[in-house]
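I opened my notebook to look up a few things in this structure. My entries follow below.

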Amino acid sequence: MHKKVDPSLKSEDQRIKAVIIGAGNRSLIYASYALQHPDELQIVGVVEPNLERRQLTSERFGISPENCFASVEELVVHPQLADAAINGTMDQFHLETTLPLLKAGYDVLLEKPIGVSEMEVFELYEAAKSYNRTVMICHVMRYAPFYLEIRKQIESGIIGDIIAIQTEENVSYHHMATSFVRENGIV
């Protein structure tokens with residue numbers, strides 16, 4: 001994000017402020033950092049079409065009612081509320097929700113995948129470049145305990161000289177159904 005905070009001068013006013021886009025599991029997990037580190041991050045808005053989820057998110061993060069919206073279009077007609085947006089919408093909505101955010105001046109933490117096609121990825125890239133915004137993609141497995149241990153073992157030299165590393169995530173039908181084919185479950 002473009003907001004630079006000098007750690008020695010940190011005050012409540014220098015917290016990064018963010019808006020949640022899509023109050024589902026992933027967005028709320030990322031946003032929960034604000035509850036654990038309120039001196040660093042503050043959630044100041046939510047965009048969620050489901051009224052009940054929107055209200056629960058508002059209560060959880062202490063978001064004022066005027067900063068709760070049913071759509072990104074409703075959000076971006078207002079003056080910019082935050083430095084960044086945490087976009088955890090369903091995969092097929094990443095492009096249509098992120099483009100207006102970039103245009104409105106928000107940096108975006110975007111749940112993977114970036115887009116559902118190569119064209120969408122390049123369109124987001126070009127938009128971020130043209131608006132001088134940052135789109136950050138969540139790759140949380142790099143912090144999983146087993147990967148951290150592998151890194152520790154490699155750095156210790158106990159394994160020897162590493163020439164190449166190849167990792168794979170073999171996706172079973174269950175993982176595919178629950179992680180890669182995301183739907184909201186509403187018919």
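**Alanine 85**

I looked up alanine 85 and found it in strand E4, residues 84-87. Helices (H or I, at least four residues) and strands (E, at least two) are DSSP runs, numbered from the N terminus. I noted that this is a predicted model, where local features need pLDDT of at least 70 and side-chain atom pairs count only at pLDDT 80 or more, while totals for chains, interfaces and linings use all residues. Residues are numbered from 1 along each chain as its sequence is written, and side-chain values use heavy atoms, with hydrogens and water left out.

Is alanine 85 buried or exposed? Its relative accessible area is 0%, so alanine 85 is buried. (Buried means under 20% relative accessible area, exposed over 50%, partly exposed in between, with a 1.4 Å probe and protein chains only.)

Next I listed contacts, meaning heavy atoms within 4.5 Å. Leaving aside neighbours within four places in sequence, alanine 85 touches Val19, Ile21, Leu101, Tyr106, Asp107, Val108 and Leu109. I also checked serine 27, 58 residues apart from alanine 85 along the chain. The C-alpha atoms of the two are separated by 9.7 Å.

Then I looked at which way the side chains go. In a regular strand they alternate between the two faces of the sheet. In E4, Ala84 and Ile86 point one way, and Ala85 and Asn87 point the other way. All of these are buried.

**The sheet**

I traced the strand order next. The open sheet has 6 strands, in the order E3-E2-E1-E4-E5-E6, and the pairing is parallel. Strands E3 (68-69) and E6 (135-137) stand at the edges with a single partner strand each, so one side of each has no neighbour in the sheet. Two strands pair if DSSP finds at least two bridges between them.

I went through the pairs:

- E4 and strand E5 (residues 107-110) run parallel, joined by 4 bridges. Alanine 85 stands opposite valine 108 in E5.
- E1 and E4 are also parallel, with 4 bridges. Here isoleucine 20 faces isoleucine 86 in E4.
- Strand E1 (residues 16-21) pairs with E2 in the parallel sense over 6 bridges. Valine 19 has glycine 45 in E2 as its bridge partner.
- Strand E2 (residues 41-47) and E3 run parallel with 2 bridges. Valine 46 is bridged to cysteine 68 in E3, and valine 47 stands opposite phenylalanine 69 in E3.

Why is E2 largely enclosed by the rest of the structure? I found that 6 of its 7 residues are buried, so E2 is largely enclosed.

**Serine 32**

I moved to the loop between helix H1 (25-31) and helix H2 (33-36), where serine 32 is found. Serine 32 is buried, with a relative accessible area of 14%. Its side chain reaches the backbone oxygen of isoleucine 29 at 2.6 Å. Not counting residues up to four places away in sequence, serine 32 touches Arg60 and Phe61.

**Confidence**

Last, I checked pLDDT, the predictor's confidence in each residue, from 0 to 100. The protein has a mean pLDDT of 86, and 86% of its residues reach 70 or more. Over residues 4-11, pLDDT stays under 50. For these residues the model has 6 contacts beyond four places in sequence. Where pLDDT is low, the predicted coordinates should not be read in detail.

Technical notes
Polar contact = N/O pair within 3.5 Å; in protein donor to acceptor, adjacent residues only side chain to side chain.
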